[in-house]
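Student: I would like to learn how to read the local features of a model like this one. Please take them one at a time, with the general idea before the case.

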Amino acid sequence: MTRTNLTALTELVDDQDAGPTPSVTERQSTPAIEEFCAEAAALLGSDGVVRDPAVREKASCDWAHMSPILSAKLPAGHAEAVLRPTAHEQIPGLLALAHHHRIPLTPRGKGTGNYGQAIPLYDGVVLDLTGCGRVLDAGDGWIRAEAGAKMSDLEAHARTLGQELWMFPSTFGTTLGGFLSGGSGGTGSLVHKTNSDGFVRELTVAPCTADAEPFIVQDADALPYIHAYGTTGIITTATVRLQRARTWTGLFAAFPDWTSATAALDALVRLEPAPRLASLDEAGLVRVYPPDPALDPTALNLRAIIEEEAADQAQAIVRSYDGEVLDVRSAPDGPALISSLSFNHPTYHLMKAEEGWFHLEIRGDVLLGDTTEIKEVFPDTLLHLEGMRSGTVGMLMARYQGEQSVYDGIAALEVLGVGVHSPHNWHVDRRLDLVRETARTADPLGLLNPGKIPAPSQETP
């Protein structure tokens, strides 16, 4: 299948009026996939190539249904087989086979992405990397692991060395490769920004070419492979940065109004030593969280992961802005709860509790001020903020009134100075020129996660 043919198919996949996609039990396998699977089984063993319909169905989905816009396009593709390598050394051989047989190949970690990054839009095979989970090595300021290693395992290993990760996502069990290929930030981003900002020290990448010879990229040269959904090559191992381990504790506070709560958030972000995370929620979100004495569903809630030695200073900040300290809860429980309610997890809890919501990723210190006009753009708007030294980010959740109303609202928010990233498309939307240039060499046939690199006419304005 050529890149030209895949580009034509993209238009069909993005057409919401297209007919329903057949289920995996209705599909007919092609001779090419049968030959591919037989040869892949010779590399992986029979257990490494899974054809069971239920497994294939599960491997063809992620959390794209959190977007009502994307949900209307589902199902959007089905794996014809699931590959399960158990060591990173097996991955290049599988890519060489995919290239030889012209089989689309979509990489997958734990499937926790929210944008359809792991959906195999043109069927083919899904490469499940969770079996490649070894921590390979670590030293002063770095740790190296296979792409399928869980971020929680990396943090635990680093702790045995008196160190900790620069950052990890709110879904702590996410794989390293999944976080780098499809994620962005999380706990630790308050200081270190995103996974594109120096977190990656080195990557080993396997291209989808005739020989699939892996290559190594370091530091800034790793950028074409971060948040590219595997379209520029498959990350097989990664070396990411560590820092000195600290003793963290969780601060939970409640505030009567937005002005005092955001002022306290801004002050906590600038606290020294710096917090690892600082989140702010409106009461409308806290009401759908699992009940906990440290959470007040009647007030604005501010939560921060702070160094134990800064606990008194942080509590003083809360009280100076008319806040009430609800709890100071030590590790692991306090910080773990705060991480689990950060970034997109408030969206998950809201949508789990009630139907009819959608969300946008937002940014800008304008969010710390009067949000009256911002909240008038969409009905029943609720805000979740993450304090960052590089600028406030967060989630806006509101009642869904149709796809066009979302796009119109994005334009209105931007007029008000709110930056918006839409989670309602599965296209790569960062460093697109660099991604396209890299993919031409790393994936000349356009077989890696096809449909995720948009044509210029499909780019979000």
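Tutor: We start with the names of the elements. Helices (H or I, at least four residues) and strands (E, at least two) are DSSP runs, numbered from the N terminus. This is a predicted model.

Student: Where does Asp380 lie in that scheme?

Tutor: Asp380 is in the loop between H14 and S16. Its relative accessible area is 48%, and Asp380 is partly exposed.

Student: What is phi of Asp380?

Tutor: The general idea is that most residues other than glycine have a negative phi, and most peptide bonds are trans. Asp380 is not a glycine, yet its phi is positive, near 60°. Asp322 is another residue to look at: it is not a glycine either, and its phi is positive at about 65°. Asp322 belongs to the loop between helix H11 (311-320) and S14. With 62% relative accessibility, Asp322 is exposed; the cut-off for that word is over 50%.

Student: Which glycine with a positive phi follows H6?

Tutor: Gly162 comes after H6, and its phi is near 75°. A positive phi also occurs at Gly391, near 130°, in the hairpin of S16 and S17, which has six residues between its strands.

Student: Which residue is joined to Pro273 by a cis peptide bond?

Tutor: That residue is Glu272, and omega of the bond is near 0°. Pro273 is found in the loop between helix H9 (258-269) and strand S12 (277-281). Ala331 and Pro332 are also joined by a cis peptide bond, with omega about 5°. Pro332 sits in the loop between strand S14 (324-330) and helix H12 (333-340).

Student: Now aromatic pairs. How many does a search of the whole structure find?

Tutor: The search finds six. A pair of aromatic rings is described by the distance of the centres and the angle of the planes. For Phe168 and Phe172 the centres are 4.2 Å apart and the angle between the planes is 35°, which is called tilted. Phe168 is buried at a relative accessible area of 6%, while Phe172 is partly exposed at 31%.

Student: Why is the pair of Phe358 and Phe378 called edge-to-face?

Tutor: Their centres are 5.0 Å apart and their planes stand at 80°, so the pair counts as edge-to-face. The cut-off for that class is over 60 degrees. The pair links distant parts of the chain, 20 residues apart: Phe358 is in strand S15 (residues 357-363), and Phe378 is in the loop between helix H14 (372-376) and strand S16 (382-386). Both Phe358 and Phe378 are buried. Together with Tyr400 they make up one aromatic cluster.

Student: Which charged residue lies over the face of Trp426?

Tutor: Lys73 does, at 5.6 Å from the ring centre. Over the ring of Phe252 is the charged end of Arg329, 5.4 Å from the centre.

Student: How should I read the pairing of strands? In which sense do S15 and S17 pair?

Tutor: Strands of a sheet pair through backbone hydrogen bonds, either parallel or antiparallel. S15 and S17 are antiparallel, over seven bridges, and Glu361 faces Met395 of S17 across the pairing. S16 and S17 are antiparallel as well, over five bridges; there Leu385 is opposite Gly394 of S17. Strand S17 (residues 393-399) is mostly covered, with five of its seven residues buried.

Student: What is the strand order in the open sheet of four strands?

Tutor: The order is S1-S2-S4-S3, and the pairing is mixed. Strand S1 (49-50) and strand S3 (105-108) are the edges, each pairing on one side only. Between S1 and strand S2 (residues 81-83) the pairing is antiparallel, over two bridges, with Val50 opposite Val82 in S2.

Student: Last, a helix. Which residues of H6 are buried?

Tutor: In helix H6 (residues 151-160) they are Met151, Leu154, Glu155 and Ala158. Viewed down the axis of H6, the buried residues fall within an arc of 100°, so they line one face of the helix. Their cover includes strand S5 (135-139), strand S6 (142-146) and helix H7 (176-182).

Notes
Residues are numbered from 1 along each chain as its sequence is written. This is a predicted model: local features need pLDDT of at least 70, side-chain atom pairs count only at pLDDT 80 or more; totals for chains, interfaces and linings use all residues. Side-chain values use heavy atoms; hydrogens and water are left out. Rings of Phe, Tyr and Trp (its six-membered ring) pair if their centres lie within 6.5 Å; planes under 30 degrees apart count as stacked, over 60 as edge-to-face and the rest as tilted. Buried means under 20% relative accessible area, exposed over 50%, partly exposed in between (1.4 Å probe, protein chains only). A charge sits over a ring if NZ of Lys or CZ of Arg is within 6 Å of the ring centre and within 35 degrees of the ring normal. Two strands pair if DSSP finds at least two bridges between them. The arc is that of the directions from the helix axis to the C-beta atoms. Contact means heavy atoms within 4.5 Å.
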